Every structure is written in C-alpha cells, then in structure tokens.
Amino acid sequence: GSWSRSYLLPRERVMDAVIDVLEDEDYLVEADRKSGRITGEPSRSRNRQGPVLTVRIDEKKGRISVDVQTSLGHDRTTTTSNQDQSAVLEFLHALDQKLRVPSVYSES
C-alpha cells in the first residue's frame, strides 16, 4: 500500500519530524537524508507486530511530499492489510500533530 501527504514546510523540518515520529512510536530508524528515504522497522523490544514503513520525502514545486509504503520484514514484500493501514494512518496522524499544520492534501 502507499499513502501520501504534502506539506508547505522546509524539507529538513519534515524529515526531522518523520524520524522523530518513527522513534516515538518505537521503530528502529534508518535514514538517508540525501535521498530522502527513511525506513522504520518495528522494535523487537516491545514484541511489536506490524509492517516496516518506508518513507520517501521529495520536494516538488515548493511542496514536500511524504510517501509511505508498507512491507513485511527483510524481504520487503509490499503489503496492504488492515494492520498496515492502521500503522500508516497512526504514523501520518502523529506526523501532522508533530508538524502542527494540516497537510495540504492526503490520499490513500
């Protein structure tokens, strides 16, 4: 599955917020700031079940696009279960709260 948000904010602010939200939600985070790709894997410390979230951040015409995809573990098989949708919507809601602004648009 793929979900998107778009913000009228500086790229670095959005990227920092994505990393903070993933860490706050107990994901193990790998971030490549140059490419704008961030991966969040559920932490084993809380026996958390759920998808791996892959977040891509792109700048297009002054807007920062945040695209989230879900996959299972290390094989990166793309998934779209209700659990995945719930995890992504929880992440995007927390991201909106962290940035304290409504997203320009959202789509699923």
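Here is a short chat about the salt bridges and the surface of this predicted model.

Me: How many helices and strands are there in the protein?
Reply: There are two helices and seven strands. Starting at the N terminus, the elements follow the order β-α-β-β-β-β-β-α-β.

Me: What makes Arg 33 and Glu 12 a salt bridge?
Reply: The closest N and O atoms of this pair are 2.8 Å apart. The cut-off is 4 Å between a side-chain nitrogen of Lys or Arg and a carboxyl oxygen of Asp or Glu, so the pair qualifies.

Me: Why can you say that Arg 33 and Glu 12 tie together parts that are apart in sequence?
Reply: Arg 33 sits in the loop between strand S2 (27–32) and strand S3 (37–42), while Glu 12 belongs to helix H1 (residues 11–24), so the bridge links parts that are 21 residues apart in sequence.

Me: Why is Arg 33 called partly exposed?
Reply: Its relative accessibility is 37%. Buried needs under 20% and exposed needs over 50%, so Arg 33 falls in between. Glu 12, at 40%, counts as partly exposed too.

Me: Which salt bridge do Arg 33 and Asp 16 form, and how do you know?
Reply: Their side chains meet with N and O at 2.7 Å, and the limit is 4 Å, so the pair counts as a salt bridge. Arg 33 is in the loop between S2 and S3 and Asp 16 is in helix H1, so this pair ties together parts 17 residues apart in sequence. Asp 16 is partly exposed, at 33% relative accessibility.

Me: Is Asp 24 buried or exposed, and what makes it so?
Reply: Asp 24 is exposed: its relative accessible area is 58%, and the label needs over 50%. Lys 98, at 38%, counts as partly exposed.

Me: Which residues do salt bridges that share partners join into one network?
Reply: Arg 11, Glu 12, Asp 16 and Arg 33 are joined this way.

Me: And what about the protein as a whole: how much of it counts as buried?
Reply: Of its 108 residues, 44% count as buried. The accessible surface comes to about 6200 Å², with 44% of that surface belonging to carbon and sulfur atoms.

Technical notes:
Residues numbered from 1 in each chain as written. Predicted model: local features only at pLDDT ≥ 70, side-chain atom pairs only at ≥ 80, totals over all residues. Heavy atoms only, no water. Helix = DSSP H or I, 4+ residues; strand = E, 2+ residues; numbered from the N terminus. Buried < 20%, exposed > 50% of the residue type's maximum accessible area, 1.4 Å probe, protein only. Areas by Shrake-Rupley, 256 points an atom, 1.4 Å probe, with all protein chains shown as cover.
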